[in-house]
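Q: I have this one open on my screen and would like to go through it with you. Could we start with how the elements are named?

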Amino acid sequence: MPDTDKCPLCNRLLAEPIVRHHLIPSSKGGKDTTTVPMHKICQAKVHAVFTETELKNYYNTVDRLQEHEEISKFIKWVSKKEPEFFDNTIKKK
């Protein structure tokens with residue numbers, strides 16, 4: 001069972017701001033599918049790297065998100081930040 005006190009993407013303790021990330025985007029039929037709690041910065045990075053179609057078709061699990069090179073580099077960088085850290089310079093794709 002996953003540790004619900006930690007962000008599944010970066011594995012840091014969850015702290016505000018927290019969002020519910022749809023593993024399959026709502027806009028692509030995922031409205032009633034599984035969501036995971038995630039730091040706002042982690043979700044913002046996911047949406048900056050991938051299109052909604054990419055998220056639906058392949059990157060619809062935490063493991064698949066983590067295997068992507070850019071996300072892996074992000075995790076390494078953000079893991080050194082406080083759980084409350086948020087950088088609003090991340091731009092959506």
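A: The helices (H or I, at least four residues) and strands (E, at least two) are DSSP runs, numbered from the N terminus. Please keep in mind throughout that this is a predicted model.

Q: OK, and where does asparagine 11 sit in that scheme?
A: Asparagine 11 is found in the segment before strand 1. Its phi is near 70°, a positive value in a residue other than glycine.

Q: Which peptide bond is cis?
A: The bond from glutamate 16 to proline 17 is cis, with omega near 0°, and proline 17 is also placed in the segment before strand 1 (18–22). As background, most residues other than glycine have a negative phi, and most peptide bonds are trans.

Q: Let's change topic to the inside. How many residues are in the largest nonpolar core?
A: The largest nonpolar core has 19 residues, and those with the most contacts inside it are Leu9, Cys42, Val46, Phe50, Leu65, Ile71 and Phe74. Strand 2 (35–39), helix 1, helix 3 and helix 4 are the elements that give two or more residues to this core.

Q: What does leucine 65 touch?
A: Leaving aside residues up to four places away in sequence, leucine 65 touches Leu9, His21, Val46, Phe50, Leu55, Tyr59 and Ile71.

Q: And helix 1, is that mostly covered or mostly open?
A: Helix 1 is mostly covered, with 8 of its 10 residues buried. The buried ones are Ile41, Cys42, Gln43, Lys45, Val46, His47, Ala48 and Val49, and they pack against strand 1, strand 2, helix 2 (52–57), helix 3 and helix 4.

Q: Which residues of helix 4 are buried, then?
A: In helix 4 (residues 69–78), the buried residues are Ile71, Phe74, Ile75 and Val78. Viewed down the axis of helix 4, these buried residues fall within an arc of 100°, so they line one face of the helix. What covers them includes helix 1 (40–49) and helix 3 (62–67).

Q: What's on the face of helix 4 turned away from its buried side?
A: That face carries the exposed residues Glu69, Lys73 and Lys76. Two of these, glutamate 69 and lysine 73, meet through their side chains in a salt bridge (3.3 Å, N to O). Being 4 residues apart in helix 4, glutamate 69 and lysine 73 are separated by about one helical turn.

Q: How many salt bridges does the count come to?
A: The count comes to 2 salt bridges.

Q: Why does lysine 45 count as buried?
A: Lysine 45 counts as buried because its relative accessibility is 15%, and buried means under 20% relative accessible area.

Q: On to the rings. How many aromatic pairs are there?
A: The count comes to 4 aromatic pairs. In one of them, the rings of phenylalanine 74 and tryptophan 77 have their centres 5.9 Å apart and their planes at 45°, so this pair is tilted.

Q: Where do phenylalanine 74 and tryptophan 77 lie?
A: Both lie in helix 4, 3 residues apart, about one turn of the helix. Phenylalanine 74 is buried, with a relative accessible area of 6%, whereas tryptophan 77 counts as partly exposed at 35% relative accessibility. Tryptophan 77 also forms an edge-to-face pair with phenylalanine 85, at 5.7 Å centre to centre and with 75° between the planes.

Q: What sits over the ring of phenylalanine 85?
A: The charged end of lysine 81 sits over that ring, 5.1 Å from its centre. Phenylalanine 85 is partly exposed, with a relative accessible area of 27%.

Q: Last one: which residues do ring pairs link into a cluster?
A: Ring pairs link Phe50, Tyr58 and Tyr59 into a cluster. The ring of tyrosine 58 has the charged end of arginine 64 sitting over it, 4.2 Å from the ring centre.

Technical notes:
Residues are numbered from 1 along each chain as its sequence is written. This is a predicted model: local features need pLDDT of at least 70, side-chain atom pairs count only at pLDDT 80 or more; totals for chains, interfaces and linings use all residues. Side-chain values use heavy atoms; hydrogens and water are left out. Buried means under 20% relative accessible area, exposed over 50%, partly exposed in between (1.4 Å probe, protein chains only). The arc is that of the directions from the helix axis to the C-beta atoms. Contact means heavy atoms within 4.5 Å. Rings of Phe, Tyr and Trp (its six-membered ring) pair if their centres lie within 6.5 Å; planes under 30 degrees apart count as stacked, over 60 as edge-to-face and the rest as tilted. A charge sits over a ring if NZ of Lys or CZ of Arg is within 6 Å of the ring centre and within 35 degrees of the ring normal. A nonpolar core is a set of buried Ala, Val, Leu, Ile, Met, Phe, Trp, Tyr and Cys residues joined through side-chain atoms within 4.5 Å. A salt bridge is a side-chain nitrogen of Lys or Arg within 4 Å of a carboxyl oxygen of Asp or Glu.
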